[in-house]
Amino acid sequence: MQERSIAIPSENFNLIFFLTHAQSRFSLILLLKLRYSFVFQSKILIQTNRKTMAMLFGFGQSAEIQIRLSNEDTRKIVKARGDDGNMHDHFLYYDGESVTGTVHVNLKKANHKFEHQGIRIEFIGQIVSEVYYDRGNQQDFISLTRELARPGDLTQNAQFPFEFNNVEKPFETYMGTNVKLRYFLRVTVIRRLTDLTKELDLVVHALSSYPDNDKSIKMEVGIEDCLHIEFEYNKNKYHLQDVIVGKIYFLLVRIKIKYMEIAILKTEVVGSGPNTFKESETVAKFEIMDGAPVRGESIPIRLFLAGYDLAPSMRDVGKKFSVKYFLNLVLVDEEDRRYFKQQEVTLWRKADKVMRRPGTEDDEEEKQTTSIPGTQKFTAPAPVEHPKPESPRSDPKSGSTSPDDNSDSS
């Protein structure tokens, strides 16, 4: 029999070789991916089950930690935004106040021996960066430690009192978009395999006070031969419960204005130098005019700040970030062109109430300031007292009339 040979064109042979080679490479890559995936999942499984394995061998979390403050019943509670974006209740503190309380270590199994290598509590003030190029970077500007117990064993529930006297809290708690400043207590029970930790966040308010005779803001802006307006705000420093009062005068109007609005802009500045990151957001927006104004018309402004989630202005906090506020006046014409003018203002936190020391001699002095810890005072000069003429007859019921106790000293 005569053997027949099949001729395969060279181009088809190259195609078959390429497909076979590609299939082998694909199979090899798939096997490598499966192998690395198995190794990676095994590592994750070992890490996630470390605590479970520790509990099986008797070294797990067989105790529960609680932090109780000494004056929880009387201390004020405020709401603050957490990492999950929701509002949570926290205890309020001021600069210079002591932080005291008790740490409770409750055993989950009665009459069970609980070994530890020491128990400590820390008071920490921390700035956490959330910028994309520095995410997760933490800076502790306050770190105080108290040793609660030496290494030993616990056979029953134990309580450990702690005290941080006159703690300096220079900055206010702030939960922003790109940076966070928080104060918290951290309890650590040191163990051989895994430590037990418990944290309790605290809120700190930085109080200030300014004299009432604050300077007003008055500026003239406009476009040549088209628009000329003059706006005026009653002052340039407002507390968080204040009211922004102002007026806008139209001196020249040659463009058709559709509406006008005023907005509060908050600007976060994180970092310094070439690594500075700035982001602005509109906190509040309020329409103050609808329709075309005429020459000589005056538009009043009255914006209440109490209804918005605002924080005080901050300058170079820990050399990490600043928070600024601007009043943005926007005019929109019929062609949807926008004309705006920004003016920076300072927001500060005012004390909720004025506390005075008892006594007639110090009453007048205490009415001009506040004794709440952490208040930064900007007081006006004391009034000049003129001598009073002596009365020929002294009346025990007569006397100088004290000022109104409800007067606002801030």
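Predicted model: local features only at pLDDT ≥ 70, side-chain atom pairs only at ≥ 80, totals over all residues.

User: Why is tyrosine 183 called buried?

Analyst: The cut-off for buried is under 20% relative accessible area. Tyrosine 183 has 0% relative accessibility, so it counts as buried.

User: Why do phenylalanine 141 and phenylalanine 171 count as an aromatic pair, and why is it called edge-to-face?

Analyst: Two cut-offs decide. Ring centres must lie within 6.5 Å, and planes over 60 degrees apart count as edge-to-face. The structure holds 9 aromatic pairs. In the pair of phenylalanine 141 and phenylalanine 171, the centres are 5.3 Å apart and the planes make 70 degrees.

User: What makes the pair of phenylalanine 141 and tyrosine 183 edge-to-face?

Analyst: The centres are 5.6 Å apart, with 90 degrees between the planes. The cut-off is over 60 degrees, so the label edge-to-face applies. Tyrosine 183 lies in strand S11 (residues 179–189), 42 residues from phenylalanine 141.

User: Which residues do ring pairs link into a cluster?

Analyst: Phe123, Phe141, Phe162, Phe164, Phe171 and Tyr183 are linked in this way.

User: Which members of the largest nonpolar core touch the most other members?

Analyst: The core has 71 residues. Those with the most contacts to other members are Val99, Phe162, Leu185, Tyr233, Phe250 and Phe321.

User: How do you know that this core lies between the two domains?

Analyst: Domain 1 (63–204) and domain 2 (217–348) both give residues to the core, so it lies between them. There is also a second, separate core of 7 residues, including Val78, Tyr94, Val203 and Leu207.

User: What is the volume of the largest pocket, and which residues are closest to its centre?

Analyst: The volume is about 910 Å³. The lining has 34 residues, and Lys79, Asp309, Leu310, Ala311 and Arg349 are closest to the centre. Strand S2 (77–81) is one of the elements that give two or more residues. S2 gives the most, with 4 residues.

User: How do you know that both domains take part in the lining of the largest pocket?

Analyst: At least three lining residues come from each of domain 1 (63–204) and domain 2 (217–348). By class, the lining has 17 nonpolar, 7 polar and 10 charged residues.

User: What makes a space a cavity and not a pocket?

Analyst: In a cavity the 1.4 Å probe fits but cannot get out, whereas a pocket is open. The structure holds 1 cavity of 30 Å³ or more. The largest cavity has a volume of about 30 Å³.

User: Which residues line the largest cavity, and of what class are they?

Analyst: The lining residues are Ile244, Ile264, Leu305, Tyr325, Leu327, Val345 and Leu347. By class there are 7 nonpolar, no polar and no charged residues. Strand S22 (321–333) and strand S23 (338–348) each supply at least two of the lining residues.

User: Why is asparagine 166 called exposed?

Analyst: Exposed needs over 50% relative accessible area. Asparagine 166 has 58%, so it is exposed. Asparagine 166 lies in the loop between S9 and S10. Its phi is positive, about 50 degrees, although asparagine 166 is not a glycine.

User: Where is aspartate 316, and what is its phi?

Analyst: Aspartate 316 is in strand S21 (residues 314–317). Its phi is positive, about 50 degrees, although aspartate 316 is not a glycine.

User: Is histidine 90 buried or exposed?

Analyst: Histidine 90 has 16% relative accessibility, and the cut-off is under 20%, so histidine 90 counts as buried. Histidine 90 lies in strand S3.

How values were computed. Residues numbered from 1 in each chain as written. Heavy atoms only, no water. 1 Å grid on protein atoms, 1.4 Å probe; cavity = no way out; pocket = protein on both sides within 12 Å on 5 of 7 lines; lining within 4 Å. Points joined across faces, edges and corners; volume = space filled by probe spheres on them. Nonpolar A, V, L, I, M, F, W, Y, C, P; charged D, E, K, R; others polar. Domains from an automatic or database assignment. Core = buried A, V, L, I, M, F, W, Y, C linked by side-chain atoms within 4.5 Å. Buried < 20%, exposed > 50% of the residue type's maximum accessible area, 1.4 Å probe, protein only. Phe/Tyr/Trp six-rings, centres within 6.5 Å; stacked < 30°, edge-to-face > 60°.
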